[in-house]
Amino acid sequence: MSEESPRKLKAFPSTEFAPEALPYNGGIAILDDRETPDEKVSKKPLTHLSGAPDGGLTAWLVVVAVNLVLFSTFGLANTWGVFQAYYEENLLRHTSPSNIAWIGSAQYALVYFPALVTGRMFDLGYFKIPCFAASCVIVASTFLTAECTQFWQFFLVQGLSIGVCCGIMVGPALVIISHWFNGKRGLAMSLAAIGASIGSTVFPAAAQKLIPLIGFKWTMRVFGSILLATLGIANILLKRRLPPVNVRGGLFNLKAFRHTAYAIFCIAGILAFLGLYTELTYISVSAEAVGVSKNFAFYIIAIANAASTFGRVSSGLMADKIGRSLLAVLLLLRQGIMTFAWPFATNESQLIAIATIYGFSTGGFVTLFALAAVAMGDMEDAGRRVGMFMSLAAFGAIAGPPISGAISTASGGFVGAGFYAGAFIKCAIFG
């Protein structure tokens, strides 16, 4: 858009949907009178592009919306350990644990992988419609999971469908916090991320109580009803502040890797996620193997996810003061140690201690990676940058649990799987 353009230029209020990079003068961006992908541009003064409000009713409602998105996506995905144990003993008892783990690892990975596309779409202004469509599919797929009886059905519905749609929502949700917060960005992100911990605690505990009481099918229908409410509210409250910007570089911007810190950060992400979800996937199964009661084994995942709440909050607060990279290294160090120690736990007390420390560290790390990626470049390109990192990390997430399952099956225990996962987490620190 140039000054010689014959069209009469107008100033608009909404920062939400402008189709290209916008010049601005004195805090007022200049837009033309075109309509954008998701909704019409309203005719009010534009919000200053460089000054995040760091508070206010709208900003905190956005935090609530992101909280609900993470409750419904990460919360559901982090419940997989409960389903892994249940499927091994009941619905898919004739399928190997390693094969069953592909359902969960696909779901984990696809929470991250679509961010490559959705991050770019978010930068360009395509946001509300994709999130709404993904919400509908997540709810429908949760209800359909109740009707599945075979491995391929669970893989398609619970692994692929729910995973992809969670990924469509998560990437933009993590980035949108940075539109509204700057100085308090860590605090806002940590408060939003609590949703993932609450969901990761509520869903496993609810599954443990409801499956014996009302059966697997009705438990999934209850989960679907919960997601209908949480995602419905989230879609109403989600709102971006800054206008879309068509930054050069396409979907996957290789020039971003000229930034050495970002390139190293992406490599470390792949290595970390190769080991990150192993303990969370198999800790319930390993607990039963050492004599812990089946009822208590299911609650270990809820304990780990509850501990992640404190990790998410404290990491967000500390990140604003001591730096994101240093804090991420410290959290990965503790994760690695707990992953090494996990197979040697022999009673409930040891498992609770390991799950608590592991959950705290994992929650903190998952909260930090989006903040770190956003900080490694301009805000106009933040969606694509976070999306690129998440998509690369997804390769580690999808491969890690099945590899661990294969090692466990071959060795007849979890020591080898713990060493494998812990080693990759340690490699991420030095990466």
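## The second largest cavity

Leu70, Phe74, Leu174, Met189, Ala193, Ala196, Arg312, Val366 and Thr367 line the second largest cavity of this predicted model, a cavity being a set of points on a 1 Å grid over the protein atoms alone where a 1.4 Å probe fits but cannot get out, with lining residues having an atom within 4 Å of a point. Its volume is about 60 Å³, and its lining divides into seven nonpolar residues, one polar and one charged. Helix 8 provides the largest share of this lining, three residues (helices are DSSP runs of H or I with at least four residues, numbered from the N terminus).

## Packing of helix 8 and helix 13

Helix 8 (residues 185-237) packs with helix 13 (residues 348-375) at an angle of about 145 degrees, their axes lying 10 Å apart; axes are lines fitted to C-alpha atoms over the stretch in contact, and angles run from 0 to 180 degrees between N-to-C directions. In this packing, Arg185, Gly186, Met189, Ser190 and Ala193 of helix 8 meet Thr367, Ala370, Leu371 and Val374 of helix 13, where contact means heavy atoms within 4.5 Å.

## The largest cavity

The largest cavity holds about 110 Å³ of space, a volume being the space filled by probe spheres set on the grid points. Among its 13 lining residues, Asn78, Leu280, Asn305, Arg312 and Thr362 are the closest to its centre, and helix 13 gives the most to the lining, with five residues.

## Basis of the values

Residues are numbered from 1 along each chain as its sequence is written, and side-chain values use heavy atoms, leaving out hydrogens and water. In this predicted model, local features need pLDDT of at least 70 and side-chain atom pairs count only at pLDDT 80 or more, whereas totals for chains, interfaces and linings use all residues.

Key. Helices (H or I, at least four residues) and strands (E, at least two) are DSSP runs, numbered from the N terminus. On a 1 Å grid over the protein atoms alone, a cavity is a set of points where a 1.4 Å probe fits but cannot get out, and a pocket is an open set with protein on both sides within 12 Å along at least five of seven lines; lining residues have an atom within 4 Å of a point. Ala, Val, Leu, Ile, Met, Phe, Trp, Tyr, Cys and Pro count as nonpolar, Asp, Glu, Lys and Arg as charged, and the others, Gly among them, as polar.
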